[in-house]
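This report describes one protein chain for a reader who is new to structures. Please look at the sequence and the model before reading on.

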Amino acid sequence: MADHGFPITRSLVKVLAIGIIRESGRSNTTRVNLEKGPSDMWWSRFKARHPALTMRTADSLDRARVHGATPEAIEGFFSIYEALYIQHDLKNKPHLIFNCDETGFGDKPRSREKVLCQTGRKHIYQQQQTTRQHITVLCCVSAAGESIPPFIIFPGCLPSTAYRLDGPPNALYGIQQKGYMDGELFLKWLHHFIRYAPEERPIILIMDQHETHVSKEVIVLCRDNKIEILCLPAHTTHVLQPLDVAVFNPLKTAFSKMASRMGLVRGDIVVGKKQFSPLLKHVYPTAVTAENVKAGFRKAGIFPLSREAVDTTQVVRILPSAEGTDATPATSSPTPSSTPTTPPAIATPSSTPTTASATPSSASTTSASTSAPLTGTNISATPSATPAPCPTCKWVTPKNYLVAAGIIPESLTNVLMSPALEKQDKVRRRLPLPARVITSDEYFNLVAQKEAEEKENEDKKKKRKEDMAKKKEERRQAQEERRQVQQAKRQRKQAPPPAEHL
């Protein structure tokens with residue numbers, strides 16, 4: 001379950017243990033209190049029997065990253081990168097491999113240092129020293145540990161002229177309405193990058209596929225300056241991007257710590273646009289170090305080139321109901337868009353993966369051994385009381401033990417319905433973009449063709465608007481002519497008759 005991104009807690013393990021006891025027919029012979037559940041002593045012995053299991057605090061992972069950071073996507077990236085790596089002979093040229101990305105400041109502080117307080121206090125608060133204004137910093141580093149001067153983007157306008165932009169040396173500054181990156185600013189930074197990058201060519205620039213990074217102007221400028229842009233697969237930056245792996249977190253942590261310490265000296269200070277640049281200048285060299293940068297490239301497997309260096313624990317295995325990779329052939333097919341011939345097991349965070357053919361009799365056979373590990377094949381999700389079959393497909397939905405135990409309300413049982421039973425024709429999931437070299441001739445031709453189509457569509461749209469405006473004007477003129485004719489008729493009727501001459 002942890003491999004699938006749905007780790008279970010201590011209380012859920014005890015609930016599932018009770019389910020195993022009941023389904024295996026040991027309810028009358030067990031010494032476990034089935035009402036209160038296994039004791040703490042049982043939990044201690046359970047951990048002793050399974051030394052490979054440990055308790056950890058889970059990190060939150062976005063659903064898009066779960067479906068984007070797949071082994072196939074990572075392998076596709078390394079296949080393309082290895083071809084460039086060999087083609088340009090980059091084995092001994094780490095100074096020609098760069099990675100760039102943006103990170104935002106102004107969110108909740110990252111500092112998690114423990115503080116002192118009086119014994120017995122239930123709550124201890126720390127005043128936030130940063131504003132909610134979103135300020136973007138674009139960093140660019142090389143595999144040799146070197147760093148390009150950062151690009152700082154302020155929201156709305158630059159700080160007041162009474163304050164100097166005393167940021168990191170040779171830093172670039174820009175403004176955007178909300179403080180985010182856009183296509184024009186990225187093109188401006190690209191000229192900045194070319195100015196400080198090594199004169200030796202070609203250069204490999206690795207970045208994500210955000211829409212602000214991919215445009216015809218960017219591709220043309222990079223092709224003219226012999227810069228190969230390799231885009232990472234969508235939603236894989238937490239695994240494959242060196243800046244995300246080893247640089248951004250220390251940078252934000254150091255920034256938050258220093259902002260908090262500044263509040264100890266002057267309690268009324270709030271770090272905003274005016275104080276941001278000097279503070280970043282102080283913490284930037286302490287976080288964006290050659291050691292951290294090289295560690296990021298090494299852990300991402302980019303330099304030295306090594307597929308095995310990637311942390312595979314960050315790659316979540318897709319559940320059988322979504323991908324069908326771990327289910328039996330009779331239960332599901334390997335394609336995510338196909339519908340299984342037999343309804344698979346319920347795949348939810350609160351249940352373990354089981355096969356559709358699991359029955360109480362089979363569960364009692366597989367779960368009889370107390371020394372077996374807690375896996376999906378050893379636990380049956382079918383309780384003693386069989387629910388009513390579905391009126392449409394006549395399939396009996398197995399009732400989850402967590403629902404029977406009261407951990408999940410009975411009113412939320414419909415949430416546990418298998419995705420395979422839903423209407424697939426209404427589900428249109430956008431496939432994550434794979435890794436690609438956007439400076440290649442093939443992609444450049446695609447971009448040119450796409451822009452030509454967009455221009456053609458814009459011309460058609462403009463022509464339709466002009467035709468509609470022309471027709472509207474013609475209708476208005478026709479109505480005006482009819483109105484004038486009707487008005488002339490009314491005036492003739494209302495005019496007095498001419499006087500007769502005597």
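## Salt bridges

The structure holds 10 salt bridges, where a salt bridge is a side-chain nitrogen of Lys or Arg within 4 Å of a carboxyl oxygen of Asp or Glu. The model is predicted: local features need pLDDT of at least 70, side-chain atom pairs count only at pLDDT 80 or more, and totals for chains, interfaces and linings use all residues. Residues are numbered from 1 along each chain as its sequence is written, and side-chain values use heavy atoms, with hydrogens and water left out.

Three of these pairs are listed here.

| Pair | Closest N to O distance |
|---|---|
| Asp-40 and Lys-14 | 3.4 Å |
| Arg-483 and Glu-480 | 2.4 Å |

Asp-40 forms a salt bridge with Lys-14. Asp-40 lies in helix 2 (residues 40–49) and Lys-14 in helix 1 (residues 10–23), so the pair ties together parts that are 26 residues apart in sequence. Helices (H or I, at least four residues) and strands (E, at least two) are DSSP runs, numbered from the N terminus. Lys-14 has a relative accessible area of 15% and is buried. The terms are set as follows: buried means under 20% relative accessible area, exposed over 50%, and partly exposed in between, with a 1.4 Å probe and protein chains only.

Arg-476 is partly exposed at 45% relative accessibility, and Glu-473 is partly exposed at 33%. Arg-483 and Glu-480 are also three residues apart in helix 14, about one turn of the helix. Their relative accessibility is 40% for Arg-483 and 28% for Glu-480, and each counts as partly exposed. Elsewhere, salt bridges that share partners join Arg-10, Lys-14 and Asp-40 into one network.

## A charged patch

Which residues gather in a patch of negative charge on the surface? They are Glu-453, Glu-454, Glu-458 and Asp-459. Such patches are made of residues with over 30% relative accessible area and no salt bridge, and like charges are joined within 9 Å. Asp and Glu count as negative, Lys and Arg as positive, while His and the chain ends are not counted. The place of a charge is taken as CG of Asp, CD of Glu, NZ of Lys or CZ of Arg. Asp-459 is found in helix 14 (residues 441–494). With a relative accessible area of 44%, Asp-459 is partly exposed.

## A buried glycine

Is Gly-272 buried or exposed? Gly-272 has a relative accessible area of 6%, so it is buried. Gly-272 sits in the loop between helix 9 (248–265) and helix 10 (273–287). Not counting residues up to four places away in sequence, Gly-272 touches Thr-131 and Gln-133, a contact being heavy atoms within 4.5 Å. The C-alpha atoms of Gly-272 and Gln-129 are 8.8 Å apart, although the two residues are separated by 143 residues along the chain.

## Backbone details

Most residues other than glycine have a negative phi, and most peptide bonds are trans.

Pro-202 lies in the loop between helix 5 (183–196) and strand 5 (203–207). Pro-304 is in the loop between helix 11 (290–299) and helix 12 (360–366).

Asp-89 lies in the loop between helix 4 (71–87) and strand 1 (97–105). His-235 is partly exposed, with a relative accessible area of 36%.

## The chain overall

The secondary structure comes to 14 helices and seven strands. Of the 502 residues of the chain, 39% count as buried. Among contacts between residues at least 6 apart in sequence, 70% join residues at least 24 apart. The accessible surface comes to about 31000 Å², of which 53% belongs to carbon and sulfur atoms; accessible areas come from the Shrake-Rupley method with a 1.4 Å probe, and for residues only the protein chains shown count as cover.

Notes: Patches are made of residues with over 30% relative accessible area and no salt bridge: like charges are joined within 9 Å, nonpolar side chains (Val, Leu, Ile, Met, Phe, Trp, Tyr) within 5 Å.
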